[in-house]
Protein chains: 2
Amino acid sequence: MAETTMTKIQGLAKQRGFIYQSSEIYGGFAAVYDYGPYGVELANSIKREWWKEMVQFHENIVGLDSAIFMDPRIWLASGHVSGFSDPLIECKNCNTRLRADQLLEESGVEADEKMSEEVINKLLSDNKTKLKCPSCGKNTFSEVKKFNLLVKSNLGDFNDNWENPVYLRGETCQGIYVNFKNVLDSIRVQIPFGIAQIGKAFRNEITARQFIFRTREFEQMEMQYFTAPDIDMKTFESWRKKRMDFYLNLGIKKENLRWHKHEKLVFYAKEAYDIEYKFPFGFKEIEGIHARGDYDLTQHSKFSGIDLSYTDPKTGEKYIPHVTETSTGVGRNLLMMLCEAYTEEKINNGETRVVMKFPRNLSPVKAAVFPLLKNKPELVKKAKKIFDLLKKSFVCEFDDNGNIGKRYRRQDEIGTPFCITIDFDTLEDNTVTVRDRDTMKQERIVIDNLSDYISKGLL
Amino acid sequence: MAETTMTKIQGLAKQRGFIYQSSEIYGGFAAVYDYGPYGVELANSIKREWWKEMVQFHENIVGLDSAIFMDPRIWLASGHVSGFSDPLIECKNCNTRLRADQLLEESGVEADEKMSEEVINKLLSDNKTKLKCPSCGKNTFSEVKKFNLLVKSNLGDFNDNWENPVYLRGETCQGIYVNFKNVLDSIRVQIPFGIAQIGKAFRNEITARQFIFRTREFEQMEMQYFTAPDIDMKTFESWRKKRMDFYLNLGIKKENLRWHKHEKLVFYAKEAYDIEYKFPFGFKEIEGIHARGDYDLTQHSKFSGIDLSYTDPKTGEKYIPHVTETSTGVGRNLLMMLCEAYTEEKINNGETRVVMKFPRNLSPVKAAVFPLLKNKPELVKKAKKIFDLLKKSFVCEFDDNGNIGKRYRRQDEIGTPFCITIDFDTLEDNTVTVRDRDTMKQERIVIDNLSDYISKGLL
């Protein structure tokens, strides 16, 4: 059942221009996806809502767009060069590469990616008979090797000897920490304040799965909130609430969201929770809210030699600020929206209609404009005029192809809230038929009121 | 003079939170920049205007967001693996790396990056006495080596042997060409139509210069328009006009823009023009409008084995579509906006005010809200209330620090069109003082009309 729902969503996403496999005409490029015309509009809407909520609505949160590339020492300071790795094994029969911890977990053996090579090797040999290569079914594997997830490049390296690789960022937040002082020095902010950023990050995931849920190239939306040490846990709790409310306010059903508290914390973290969404393949993380303490700014102070402590202008107290992080992914939000919106409904005639019930303000196309008949120039002309009027304010689509029923069905599948039909009455009385995506009810609206009608209907 | 203007703009950009050098606390990372809080708002405004103009306003142009990573064969097909390189030399004395063609050009010797290694070596030895290392002044250089500008990575490579590097894209348009068929198959489009995309690209530039004008990591805004072969030059001309109008409509002064026609065309190009902007360091390209013929789709048909020809549904004619490309950069647009907006004005008291006269709708902050006095809780409370009202519709800022004159000056330097002051009269009559960035005139506005007043003022 879960399988079928996911297969259907994936099929619709491709067929209707939301998501394409990367380099498809070349046979596909693993673990990377492209957003098609409706995917990019949906992603942009999601990013806009996040930015509005985090930056525009908060007096004390500012935006940032740091580059993907940075001084490689930043990844030494953050601990990624030494510690950011997964246990890699290879099937000796078919050469498929696997994450040892995942193979163990899926065979009912408790394991995680933080375990040492020795521990994992022992688990693998102790449970040899249980294990099976998911590709070929054999059970002979190579020894475990810890593989670093940071992607390396030769940017700025003109010798081509790879001695000093420059990393693509593995997370966007490091760009925020290293600009903490720049922001303090150039913007009128005082602690507590936050810095928010949307941008790409890259990880050499050994196995990427579940469609766009885990990809090697992905886009993060992260906010780092800097506070005095003594109020960090209060801040943490308030951000937990705010972030859950964000998803509820977007219209995600309450029963599809839940909290996951991290039991094993990295040594510097004081507390960590994930918001999980109920995907067809199970509850999975969509956002992490983490109390990172003063670890990051302390590390960068140490490695850069620049003091990143803060002096409170009122009390004169000096400290390294503590950080609450909220971190989510554009791709995961998009996938959640596709899953949440996907609806099959029986309609009058026994047919099933597929409709993407996106939150209206996030829909890729806000209104579609149809002339009733393609071969009536007066209808087409009038419809174009209405399209030209509406496109100034909304992403619209013009479609004069096929019968109206077919056009409705196509717009339902891309989640367009309003379909506007121009017919012969329109030429007489300047009214149009507006059909609602969810109720399928039709209303006659005066053209002059159309913009207002749509604006109000999107709220 | 040019030097000073550029230095001033660069200084303001840093000091006022538009642009920071990458990894500054680590001593800076060459040829990469980060956008600060006002830089990212300005960049987002620019991207939004471009997207609106190209995608939203055109019935037959759709958006796309293809990934940075693609199948490496795409870069073989495009010609980048073999031909996308610059002539690299190194000063034997101080090891500074230089582009040989630039060194020659700056010494009055005609040269370009397409010349063969032999030709450049001959020019270097013929003109030896004229040449000087810009760093140390010596004139002994290594032999020329063609250096490929594609940035390589180990994405998806778990052997770490660099035998099969995966490239970061050198231009975003290839992601459009390889998705041409996906878009055709999933979206109701017919030729002529366009695909538009905003995204990052990377080039291993040997020398990066002029602030954010040429950087190794940059963001492109590209649109590829597909037509029948016989109308491609007509289309090309119409896009030339549209793209120039775009900049004029944004408010760029006519005398600061000009056309540059390419004299030497790559073999497949039919025509190529650049729009140049008069930066303080001279007229330089901000956008290229290029007639690329059927080269790109032909190459990808050949290399992928998938036929990318199009059959006209009306005439049945089959052809490989021709492409008109419009390609510009977010960073260059942002730098142009900073240069165009930068204004020094003498004001009454003989002082000079620096004001960033951005097009109002592109300004990073649309309105700033000030309580007249910080230590009057009733003023601060009222001001916050107005801030909370306005922030729903506009990026706003709240500032209660220092005297009003200082706050105005700060907002002038970030280009905020409206400053709103809440004083004791406000508490009596619900009016506020709105001060205009450009005229510095002050008007008394009723709070209920404030949103409307700002909305209208941004047009």
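The legends below describe close-up views of a predicted model with chains A and B. In this predicted model, local features need pLDDT of at least 70 and side-chain atom pairs count only at pLDDT 80 or more, whereas totals for chains, interfaces and linings use all residues; side-chain values use heavy atoms, with hydrogens and water left out. Residues are numbered from 1 along each chain as its sequence is written, and chains are lettered from A in the order in which they are written.

**View 1. The two chains and their axis.** A rotation of 180° with 0.0 Å of shift along its axis superposes chain B on chain A, with an RMSD of 0.0 Å (least-squares superposition on the C-alpha atoms of residues with pLDDT of at least 70 in both copies). That is the relation of a two-fold axis. In chain B, the C-alpha nearest the axis belongs to B:S153, 2.1 Å from it. Both copies use the same surface, since 99% of the contact residues of chain B recur in chain A (contact means heavy atoms within 4.5 Å).

**View 2. Chain A as a whole.** Chain A has 15 helices and 23 strands (DSSP runs numbered from the N terminus: helices are H or I with at least four residues, strands are E with at least two). Its C-alpha atoms fill a box of roughly 80 × 65 × 50 Å along the principal axes. Of the 459 residues in chain A, 59% are buried (buried means under 20% relative accessible area, exposed over 50%, and partly exposed in between, with a 1.4 Å probe and protein chains only).

View 3. Helix α11 covers residues 330-341 of chain A, and its 12 residues should span 16 Å at 1.5 Å a residue; the end C-alpha atoms are 16 Å apart, which agrees (the expected span is 1.5 Å times one less than the number of residues). In α11(A), 12 of the 12 residues are buried, so the helix is largely enclosed by the rest of the structure. One of these buried residues is A:L338, which is also among the residues with the most contacts inside the largest nonpolar core, a set of 174 residues (a nonpolar core is a set of buried Ala, Val, Leu, Ile, Met, Phe, Trp, Tyr and Cys residues joined through side-chain atoms within 4.5 Å). Leaving aside neighbours within four places in sequence, the contacts of A:L338 include A:F18, A:M356 and A:F358.

**View 4. Cysteine pairs without a bond.** The count of disulfides over all chains is zero (a disulfide is a pair of cysteine sulfur atoms within 2.5 Å). The sulfur of A:C94 has its closest cysteine sulfur in A:C133, at 3.7 Å, too far for a bond. A:C94 is partly exposed, with a relative accessible area of 29%. In chain B, B:C133 is buried at 3%.

View 5. A cis peptide bond with omega of about 5° joins A:I191 and A:P192. A:P192 is found in the loop between α8 (180-186) and β9 (193-202). In the loop between β9 and β10 (217-227) is A:F211, whose phi is near 60°, a positive value in a residue other than glycine. Most residues other than glycine have a negative phi, and most peptide bonds are trans. A:F211 is buried, with a relative accessible area of 8%.
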